[in-house]
Amino acid sequence: MAESDVHNVDNPGGEGGNAAADENFPPRRGGFRNVFSALKHVNDASVADAVQQRISDYVTIGLVVVCILSLVAAVALPVPPGLKLLPLLFTIGAVVFYMINRLGIIVSLNARQALIVWQILIAAFWLGVTSAMLVMMSCFYFFTNKSSAPF
């Protein structure tokens, strides 16, 4: 293997790397730089002409908006506690429907991409679980300890 064939993985685009080979590899990013690059990439992909949305995509996006509005209304409007659970149950159903409609794309990915998507889904699940527990524990604390100041 010639020295010009070696790609410097630790320093892409820097000294010692092959400039032609570096064009084929995206720069490695760490930390929060990934988040902004990923958001920009998704935003660019969502407005691309080559990407077409299905009708069910628009339906599920609409369901998410309706769920958000119904949850806000359940909290803001004076309704019986039993009725406040209905928007929550509707939201859980809509989120499950939303996820099922999008999980089908995993079969179109290669093995590495599918594993990465699955790991992101699991991380999002745990973030949701722990956030829900934090909200529940905070509400329990603030509503049972009315005599003590929160801070």
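The second largest pocket of this predicted model has a volume of about 400 Å³. A pocket here is an open set of points on a 1 Å grid over the protein atoms alone, where a 1.4 Å probe fits, with protein on both sides within 12 Å along at least five of seven lines. The volume is the space filled by probe spheres set on the points, which are joined across faces, edges and corners. Local features need pLDDT of at least 70 and side-chain atom pairs pLDDT 80 or more, while totals for chains, interfaces and linings use all residues. Residues are numbered from 1 along each chain as its sequence is written, and side-chain values use heavy atoms, with hydrogens and water left out.

**Second largest pocket**
- Its lining consists of 13 residues, those with an atom within 4 Å of a point, and I92, V95, V96, M99 and F125 lie nearest the centre.
- Two or more lining residues come from each of α4 and α5, and α4 gives the most, with seven.
- The lining has twelve nonpolar residues, one polar and no charged; Ala, Val, Leu, Ile, Met, Phe, Trp, Tyr, Cys and Pro count as nonpolar, Asp, Glu, Lys and Arg as charged, and the others, Gly among them, as polar.

**Largest pocket**
- The largest pocket has a volume of about 1300 Å³.
- It is lined by 25 residues, and V42, R102, I105, V117 and I120 are the closest to its centre.
- Elements giving two or more residues to this lining are α2 (33-46), α4 (81-103) and α5 (111-144).
- By class, 15 of the lining residues are nonpolar, six polar and four charged.

**Chain and helices**
- The chain holds five helices and zero strands, where helices (H or I, at least four residues) and strands (E, at least two) are DSSP runs numbered from the N terminus.
- Buried residues, those under 20% relative accessible area with a 1.4 Å probe and protein chains only, make up 9% of the 151 residues.
- α5 has 34 residues and reaches 49 Å from first C-alpha to last, close to the 50 Å expected at 1.5 Å a residue; the expected span is 1.5 Å times one less than the number of residues.

**Aromatic pairs**
- There are two aromatic pairs, counted when rings of Phe, Tyr and Trp (its six-membered ring) have centres within 6.5 Å; planes under 30 degrees apart are stacked, over 60 edge-to-face and the rest tilted.
- F125 and W126 have ring centres 5.4 Å apart and planes at 70°, so they are edge-to-face.
- Y141 and F142 are also edge-to-face, because their planes stand at 70°, with centres 5.3 Å apart.
- W126 is partly exposed at 49% relative accessibility, that is, between the buried limit and the exposed one of over 50%.
- Y141, at 38%, and F142, at 39%, are partly exposed as well.
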